[in-house]
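The sequence and the model come before the description.

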Amino acid sequence: MNTEKSDEFYIRLREQLDQNGTWPSDYLYKFIVPTDTDKIEQINKIFDNTGAVIESKKSKKGKYTSISITVHLKNPDEVIQKYKEVGAIKGVISL
């Protein structure tokens, strides 16, 4: 199964962001990642020096970690770029 997002998905997302928001704006990302410090660190580096507020919480059994990131972005293209960067990390689920 191909878990990568399609171009169609990003086109629809850009349209929705354009219609439902004013830019620049804060955007909330939510990800689920296997509890692996390397993967979590990769996500943190993607948002490093952006002024992002990053919160993480381990699942009950500690197998997964949910990561919520609030960051101020200029436009929908920046939102999509970050999704693509995080999407390159294997095992990460975008919510």
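In this predicted model, buried residues make up 26% of the 95 residues in the protein. The accessible surface comes to about 6,800 Å², and carbon and sulfur atoms contribute 48% of that area.

The chain forms 3 helices and 4 strands. Read from the N terminus, their order is α-β-α-β-β-α-β.

Overall dimensions come next. The C-alpha trace spans about 40 × 35 × 20 Å along its principal axes. The radius of gyration is 14 Å, which agrees with a compact globule, because 95 residues packed that way would give a value near 12 Å.

The protein carries 15 positive and 14 negative charges.

| Item | Value |
|---|---|
| Radius of gyration of the protein | 14 Å |
| Asn-20 to Lys-39, C-alpha to C-alpha | 31 Å |

One residue is worth a separate look. Asn-20 belongs to helix α1, which covers residues 7-20. Is Asn-20 buried or exposed? Asn-20 has a relative accessibility of 68% and therefore counts as exposed, since the cut-off for exposed is over 50%. Between Asn-20 and Lys-39 there are 31 Å in space, C-alpha to C-alpha, for a sequence separation of 19 residues.

How values were computed. Residues numbered from 1 in each chain as written. Predicted model: local features only at pLDDT ≥ 70, side-chain atom pairs only at ≥ 80, totals over all residues. Heavy atoms only, no water. Helix = DSSP H or I, 4+ residues; strand = E, 2+ residues; numbered from the N terminus. Rg over C-alpha atoms; globule rule 2.2 N^0.38 Å. Buried < 20%, exposed > 50% of the residue type's maximum accessible area, 1.4 Å probe, protein only. Areas by Shrake-Rupley, 256 points an atom, 1.4 Å probe, with all protein chains shown as cover. Lys, Arg positive; Asp, Glu negative; His and termini not counted. Charge placed at Lys NZ, Arg CZ, Asp CG, Glu CD.
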